[in-house]
Amino acid sequence: MEQVAHDRAKKEKSPSQDPLVYSVADEETEWLQSFLLLLFRSLKKHPPLLLDTVKNFCDILNPLDQLGIYKSNPGIIGLGGLVSSIAGIIIVAYPQMKLKTR
């Protein structure tokens, strides 16, 4: 681990020999970072969309577990149900948080 840390520090200190070196991994991480930034900004500007997305994510956990597609801990299933219920209560209590459809 020390060798890896030393090599990484040495690599960061010394400038790259070829500044035009292109990596597919760099392109993939840039695409992912830009997608996640766009998603974060969109959800931040539209709280009803964020609330509905969280509720839908929590609602999908139980069927995925029951069908055996993605096994989860019973505590995670319970927590997902609790969060989904709280999101539903927020939607009922604050109608402006309801996701509007055309």
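Which residues are exposed on the other side of α4? Pro74, Ile89 and Val92 are, exposed being over 50% relative accessible area, buried under 20% and partly exposed in between (1.4 Å probe, protein chains only).

The model is predicted: local features need pLDDT of at least 70, side-chain atom pairs count only at pLDDT 80 or more, and totals for chains, interfaces and linings use all residues. Residues are numbered from 1 along each chain as its sequence is written, and side-chain values use heavy atoms, without hydrogens and water.

Stop 1: Select residues 74–93. This is α4, with 20 residues. Helices are DSSP runs of H or I, at least four residues, numbered from the N terminus. From first C-alpha to last, α4 reaches 28 Å, close to the 28 Å expected (1.5 Å times one less than the number of residues).

**Stop 2: the buried side.** Pick Ile77, Gly80, Ser84, Ala87 and Ile91, the buried residues of α4. They cover an arc of only 90° around the axis, so they sit on the same side of α4. The arc is taken from the directions between the helix axis and the C-beta atoms. Now show 47–66: this helix, α3, is part of what covers them.

**Stop 3: the N-terminal end.** Go to Asn73. Asn73 caps α4, with a side-chain oxygen 2.8 Å from the backbone nitrogen of Gly75.

**Stop 4: the loop.** Ser72 lies between α3 and α4. Ser72 is buried, at 17% relative accessible area. Beyond neighbours within four places in sequence, Ser72 is in contact (heavy atoms within 4.5 Å) with Asp65 and Ile77.

**Stop 5: Asp65.** Asp65 lies in α3. Leaving aside neighbours within four places in sequence, its contacts are Tyr70, Lys71, Ser72 and Ile77.

Technical notes: Helices (H or I, at least four residues) and strands (E, at least two) are DSSP runs, numbered from the N terminus. A polar contact is a pair of N or O atoms within 3.5 Å; within protein, one must be able to donate a hydrogen and the other to accept it, and residues adjacent in sequence count only if both atoms are side-chain atoms.
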